[in-house]
There are 2 protein chains.
Amino acid sequence: MTRNTTRTTSFDVAALAGVSQSAVSRAFTPGSSIAEETRQKVLEAAKKLNYVPNSIASSLTTKRTNIVALILGNLGNPFYVHVLHTFSQRLQEQGRQVLIFTVDPGAESDEAILHLLKYQVDGVILTAAQLSTRMTSICHDRGIPIVLFNRYIPGSDASGVRCDNAGGGRLIAEAFLAAGARSFLMITGDPKGTTSQDRARGFVERLLEEGVRRSDIAEIEGSSSYEGAYSAVLRHFGDKNRTRPEAIFGINDIMAMGAMDALRFRLGLKIPEDLMLAGFDDIPEGRRAPYQLTTVRQPINQMVDEALDMLHLDEPSLPIERGLDHPIAGRLIWRGTIPVPPAYQWPAGTTREAEPNAE
Amino acid sequence: MTRNTTRTTSFDVAALAGVSQSAVSRAFTPGSSIAEETRQKVLEAAKKLNYVPNSIASSLTTKRTNIVALILGNLGNPFYVHVLHTFSQRLQEQGRQVLIFTVDPGAESDEAILHLLKYQVDGVILTAAQLSTRMTSICHDRGIPIVLFNRYIPGSDASGVRCDNAGGGRLIAEAFLAAGARSFLMITGDPKGTTSQDRARGFVERLLEEGVRRSDIAEIEGSSSYEGAYSAVLRHFGDKNRTRPEAIFGINDIMAMGAMDALRFRLGLKIPEDLMLAGFDDIPEGRRAPYQLTTVRQPINQMVDEALDMLHLDEPSLPIERGLDHPIAGRLIWRGTIPVPPAYQWPAGTTREAEPNAE
DNA sequence: CGCTTCTATGAATGCGTATGCATTGTTTGC
DNA sequence: GCAAACAATGCATACGCATTCATAGAAGCG
């Protein structure tokens with residue numbers, strides 16, 4: 001059998017069921033005017049023929065594909081894998097599917113947008129990637145809602161959902177300060193990414209407020225990956241004259257983990273005894289026994305839900321909202337990489353976790 | 001502006017360019033009969049209008065969507081994230097896109113298949129999930145090629161690509177034996193999954209060949225996840241009378257890592273001094289300093305390429321091949337979790353890696 | 001019982017593009 | 001210099017379904 005088999009269409013089903021093609025269409029369209037008896041006849045015939053409505057054809061008239069595009073920049077970061085998984089599950093529950101576009105980290109997503117326009121997707125979620133304002137306005141003109149996940153485009157009026165990254169950076173700063181640190185190193189990611197910028201900004205702001213000197217806050221670039229942070233740390237500490245900071249903030253967990261391994265396994269340092277460390281995201285990997293990483297948890301489920309809400313997939317006739325920017329607070333998760341100060345007063349909203357791997 | 005804006009169609013472009021709609025279509029169809037001059041006129045007009053051909057409409061006549069469905073069972077295993085990424089990149093290079101279907105690990109994919117039929121995908125890749133033979137034959141009847149990735153369906157004639165899992169299990173067995181182990185524990189995954197079964201079978205076969213007693217090979221179930229293996233190990237060794245095996249084979253890397261962390265951080269054992277350990281897959285996480293996991297590397301790129309070849313996306317008129325089963329040999333990667341025997345003769349095809357995290 | 005109001009149905013049309021066919025103009029071959 | 005082959009183009013139609021419109025029958029109402 002070859003692939004040129006003519007497919008079974010609603011006409012075939014109609015013929016078998018002894019009704020019109022319209023009736024078949026209605027049988028598969030919830031809420032349409034059809035007698036229950038007729039519907040059953042149709043469904044029966046459809047089952048006999050293994051008929052499944054062709055959504056490609058139907059979306060031609062309905063102008064809805066039930067496909068949402070997800071642009072992903074960095075699958076090397078487990079956080080975004082989790083994000084993908086969450087989006088996919090939520091959308092599947094709604095009878096929608098995810099069309100994936102992977103983009104090289106840091107690269108422009110413009111080309112991806114051009115491709116997804118062809119598919120007439122109902123909406124676009126953009127994570128971990130750059131996008132020009134020209135593209136957002138093209139999407140807007142074509143009536144395709146686009147929501148930025150955990151980033152925003154300066155100077156654009158595209159809507160987005162994100163963690164309060166600056167606020168999270170401040171939480172980490174406070175934890176370090178409470179534990180007595182006075183000199184710091186930040187390992188930042190993509191310098192063009194607002195996520196990295198904002199976390200670093202909040203972190204530095206808080207430190208300066210507490211009187212830390214600017215010269216006691218160093219920064220190196222870890223290219224948003226485990227490997228990048230690992231080698232950045234080795235490079236930085238390769239200069240033996242460099243004074244060692246008391247605390248390191250990895251702008252995301254995967255980089256904090258890379259830094260941690262370099263510090264422990266290549267530089268022979270103990271954490272938190274010699275050096276304290278924190279990340280951001282709260283990926284499952286950071287909870288594991290070798291890491292026990294103190295971090296800020298991003299409320300993924302809530303962020304995903306709000307992002308999907310902003311897409312207004314169920315009310316396509318609504319005008320597309322613009323310029324919405326919805327920051328959601330993160331929460332400090334205190335684990336083993338920052339020593340607990342004596343008689344420490346835990347700030348509200350902090351979670352302390354010991355060994356979550358144990359059941 | 002609402003989403004009901006009438007879209008710009010090939011007719012609009014045709015009007016602006018002063019040609020017929022057919023000419024517009026041909027301008028965007030490589031290899032069609034159109035004068036270069038006309039094509040330029042059309043492309044110019046298209047650019048002015050931000051026109052992008054509607055592939056939904058075109059696939060209605062061409063019967064090709066340039067969409068490939070990827071059914072994923074377990075995104076908690078980084079190996080499959082890597083697989084997803086590789087498929088996505090390859091397909092994007094070909095101008096095709098990936099439609100994601102996530103399925104609960106161990107659950108049937110039948111429902112996913114029903115959904116993807118609606119989208120008239122050009123092909124299906126199934127990883128890490130169960131599938132009934134009824135579904136494979138429905139796909140077959142509808143002319144949709146389906147390729148199983150790293151699994152096969154007993155009793156079905158669906159084609160697939162996989163690592164030589166049994167052979168890989170044998171490699172691990174040999175490495176353990178060479179290092180002097182004589183008692184063993186296997187941590188297996190989904191009992192219905194052929195991948196886990198085959199690896200375990202090859203492992204046991206080889207051990208028995210070398211005179212290991214059946215009673216010296218134990219098995220526990222780790223549900224294919226880090227957490228599953230972690231707690232399975234704690235449960236198993238909670239029985240203090242249990243004699244400790246000399247070697248543990250985690251049927252995949254993520255489980256081996258979970259086992260390793262439980263052994264080290266909860267049971268206070270040293271690896272490889274007290275116990276040797278190996279995994280399977282060679283995920284990047286297992287290469288990292290805290291793990292240095294000895295494993296069998298699956299040749300992902302080759303497997304993905306062959307899987308895509310088997311889909312014959314470029315020759316849709318060919319009859320769908322059935323029953324092809326293409327095992328590809330894995331390669332032993334010897335790292336730190338198995339002690340190197342004195343004067344050991346490395347088998348052909350073994351790679352020895354010291355500290356790959358260092359640049 | 002005659003009227004209106006509803007419900008269920010089918011015929012016909014449109015969604016945006018690809019393509020077979022016919023037509024025109026151009027080039028080739030002898 | 002004329003027939004034949006060919007390249008470029010437009011017209012018309014098909015792809016599979018949703019939906020509007022018209023119609024026929026059923027039910028409600030006084």
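**Ground rules.** I number residues from 1 along each chain as its sequence is written, with chains lettered from A and ligands numbered from 1 in the order in which they are written. Since the model is predicted, local features need pLDDT of at least 70 and side-chain atom pairs count only at pLDDT 80 or more, while totals for chains, interfaces and linings use all residues; side-chain values use heavy atoms, with hydrogens and water left out.

**Domains of chain A.** Domain 1 covers 10-53, domain 2 covers 63-150 + 300-328, and domain 3 covers 165-297 + 332-352.

**The UniProt entry.** An unreviewed UniProt entry lists "domain: HTH lacI-type" for residues 8-62 of chain A. I note that UniProt positions are given in the numbering used here, feature names are shortened, and annotations may be inferred rather than shown by experiment. Over residues 8-62, chain A is 65% helix and 0% strand, and the end C-alpha atoms sit 21 Å apart. My helices (H or I, at least four residues) and strands (E, at least two) are DSSP runs, numbered from the N terminus.

**A:Asn50.** I found a positive phi here, near 55°, in a residue other than glycine. A:Asn50 is in the loop between helix 3 (36-48) and helix 4 (55-62) of chain A.

**Helices 8 and 9, chain A.** Their axes (lines fitted to C-alpha atoms over the stretch in contact, with angles from 0 to 180 degrees between N-to-C directions) come within 7 Å and cross at roughly 40°. Helix 8 and helix 9 of chain A are therefore oblique to each other (under 35 degrees is roughly parallel, over 145 roughly antiparallel, 65 to 115 roughly perpendicular, and the rest oblique). The crossing is right-handed, that is, the near helix is turned clockwise from the far one by less than a right angle. For contact (heavy atoms within 4.5 Å), I listed residues including A:Arg170 and A:Glu174 of helix 8, and A:Arg199 and A:Glu205 of helix 9. By class, the contact has seven nonpolar, four polar and eight charged residues. Here Ala, Val, Leu, Ile, Met, Phe, Trp, Tyr, Cys and Pro count as nonpolar, Asp, Glu, Lys and Arg as charged, and the others, Gly among them, as polar.

**Helices 10 and 11, chain A.** The axes of helix 10 (residues 226-238) and helix 11 (residues 253-266) come within 7 Å and cross at roughly 45°. That makes helix 10 of chain A oblique to helix 11 of chain A, and their crossing is right-handed. Among the residues that meet are A:Tyr226, A:Tyr230 and A:Phe237 from helix 10 and A:Met255, A:Met257 and A:Leu263 from helix 11. I count twelve nonpolar, one polar and two charged residues in this contact.

**Cis peptides.** A cis peptide bond joins A:Ile271 and A:Pro272, with omega about 10°. A:Pro272 is in the loop between helix 11 and strand 9 (276-278) of chain A.

**Helices 5 and 13, chain B.** The axes of helix 5 (residues 78-93) and helix 13 (residues 300-311) come within 10 Å and cross at roughly 50°. That makes helix 5 of chain B oblique to helix 13 of chain B. Helix 5 passes helix 13 in a right-handed crossing. The contact includes B:Phe79, B:Phe87 and B:Leu91 of helix 5 and B:Ile300, B:Val304 and B:Leu308 of helix 13.

Key:
Domains from an automatic or database assignment.
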